[in-house]
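Let's take a friendly walk through this protein. Have the sequence and the model at hand as you read.

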Amino acid sequence: MGGVFTKDHFDLQHLSLPLKRLPLHEYPSDREESPYDPLYGFPNGRKPRVMAATEEEMDSAKLDPPKRDYCAHRLMEFRGCMKCNMPFVLRCQHELHAYHDCQWEDQVLRMKEWEREKRLRQRDYRREQKAKRETIATLAVRLVATDVPNMSSTDTKSKPKIKTKSTGSVSKRRSIDGNDTTDDERHMWWWLAFVSITALSFGTRLYKISEPNHVCWDETHFGKMGSWYINHTFFFDVHPPLGKMLIGLAGHLTGYNGTFAFNKPGDKYMDQPYVGMRLFCVTLGALIIPMCFVIVWKLSQSITSSTMASLFIIFDVGMITLSQYILLDPILMFFIISSVLGSVMFGSLSGQPFGKMWWFWLSWTGVFLSCAISVKFVGLFVICVVGVQTIADLWELYGNLSNPLSLVVKHLLAR
């Protein structure tokens, strides 16, 4: 890749990158010589790179083979300074900076040379593909010309048949290969699967929601705390208040006045309107499934995978049980899945930063993250997940040298 003008940048043979327009094996590699003239594209010539350090000097300094590059002389100067000024090694900061600066410039030159050869290969690849397409088109024209029989100009009945046959074949091909038809069918199947999953989710969780008509499990705690909020009674609990406040709000809106004691599991509700609080919890629990469907769809673009993942959650007995009673768990899971949905949707808009939908899903994620940790402190884990993803995104933006620093600062402040 450039001979004496530069070193190879790096080898892509063992990488799995989303490289476009060129097969992976066609990218520049240090395992083979560049097929291009290093002076190609430089009408005025190029200044060859010369090793400042000789082989004898590098052998005398006992440099390892990976260190014998165009910055070897800087490394030897730094090591000599270290030897002369030991233990006052801080006096060699200038030599160390010169070595690092040389390494950086060398890396930039290798990257530029690698990019140059990659673009030359891409150009040749495009020309090759264009020539193949032209060859195929020429052969197709010749094949059609040989298939059509020679007819006399007076034969008027056979001409419409030829046109009808040709038109029919073209329309049939378009109906099979056309993107519009495929997209419409895919869109239809997506909505059919989504609506079916949502209906099945609500059907399995709303089934006999009023049974049993007595206090079950931890309803004795969270139903009681919802009653205290309705009656404006002060109390202290280890969990944050949002989930219990929402339960109390649901009971208040459905006619419950907070007079039931919730003393112990098994107490009959009698005529108390307890179903409203269960309906609130079961609604949030049922909404988890369609959100999971969208999450898997965004990550895989597969209707089958999205449907299978949703069905696993729909028929999970533990999820059904937790969603049908007055508990904090369905509320917490709803906020957690909503946060993950917002994070995934936000990540899918990375190519459209600072747009309306970008801000919407960023705000969505932040709101539901705060709601998750306001129900139970275990909501901190989903904050950690989204936080790690945010750090990775910012690091990728910062590592892209084509991005100005102001853009990175904007992303950091926005998040």
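## How packing angles are read

Two packed helices are described by the angle between their axes and the distance between those axes. The axes are lines fitted to C-alpha atoms, for helices over the stretch in contact, and the angles run from 0 to 180 degrees between N-to-C directions. With that in mind, take helix H11 (residues 329–348) and helix H13 (residues 380–399): they pack at an angle of about 10°, with their axes 10 Å apart. Angles under 35 degrees count as roughly parallel, and H11 and H13 are therefore roughly parallel to each other.

Which residues make this packing? On the H11 side they are Ile336, Ser339, Val340 and Ser343, and on the H13 side they meet Val382, Val386 and Gln389.

## The overall picture

Please keep in mind that this is a predicted model. The protein has 14 helices and 0 strands, and reading along the sequence gives the pattern α-α-α-α-α-α-α-α-α-α-α-α-α-α.

Of the 415 residues in the protein, 34% are buried. Among contacts with a separation of 6 or more, 67% are between residues 24 or more positions apart.

## Annotated transmembrane regions

An unreviewed UniProt entry lists residues 279–297, 303–322, 331–349 and 361–388 under "transmembrane region". What does the model show for two of these spans? Residues 303–322 are 90% helix and 0% strand, with the end C-alpha atoms 27 Å apart. Residues 361–388 are 79% helix and 0% strand, and here the end C-alpha atoms lie 17 Å apart.

## Helices H8 and H9

Next comes the pair formed by helix H8 (residues 275–300) and helix H9 (residues 303–314), whose axes come within 8 Å and cross at roughly 150°. Angles over 145 degrees count as roughly antiparallel, and H8 and H9 are therefore roughly antiparallel to each other. The crossing in which H8 passes H9 is right-handed.

From H8, the residues that take part are Ile289, Cys292, Phe293, Val296, Trp297 and Ser300. They meet Ile303, Ser305, Ser306, Thr307, Ala309, Ser310, Ile313 and Ile314 in H9.

## A closer look at Ser306

Ser306 has its place in helix H9. Is Ser306 buried or exposed? Its relative accessibility is 0%, and Ser306 counts as buried. Which residues is Ser306 in contact with, leaving aside its neighbours within four places in sequence? They are Phe293, Val296, Trp297 and Ser300, and these four are also among the H8 residues that meet H9.

## The two disulfides

A disulfide is a covalent bond between the sulfur atoms of two cysteines. How many disulfides does the structure hold? There are 2. If the bonded cysteines are numbered in sequence order, the pairing is 1-4, 2-3.

The link is left-handed, with -95° about the S-S bond. Cys71 lies in the loop between helix H1 (55–60) and helix H2 (72–85) and Cys102 in helix H3 (residues 93–147), so the pair ties together parts that are 31 residues apart in sequence. Both ends are buried: the relative accessible area is 0% for Cys71 and 14% for Cys102. The other disulfide joins Cys81 to Cys92, again with 2.1 Å from S to S. Its torsion about the S-S bond is about -95°, so the disulfide of Cys81 and Cys92 is left-handed. Cys81 sits in helix H2 and Cys92 in the loop between H2 and H3, 11 residues apart. Cys81 is buried at 11% relative accessible area, and Cys92 is buried at 1%.

## Other cysteines

Cys84 is exposed, with a relative accessible area of 67%. Cys216, in turn, counts as buried at 11% relative accessibility.

Key:
Residues numbered from 1 in each chain as written. Predicted model: local features only at pLDDT ≥ 70, side-chain atom pairs only at ≥ 80, totals over all residues. Heavy atoms only, no water. UniProt positions renumbered as here; feature names shortened; annotations may be inferred. Helix = DSSP H or I, 4+ residues; strand = E, 2+ residues; numbered from the N terminus. Disulfide = S-S within 2.5 Å. Buried < 20%, exposed > 50% of the residue type's maximum accessible area, 1.4 Å probe, protein only. Parallel < 35°, antiparallel > 145°, perpendicular 65-115°, else oblique. Left-handed = near helix turned anticlockwise from the far one by under 90°. Contact = heavy atoms within 4.5 Å.
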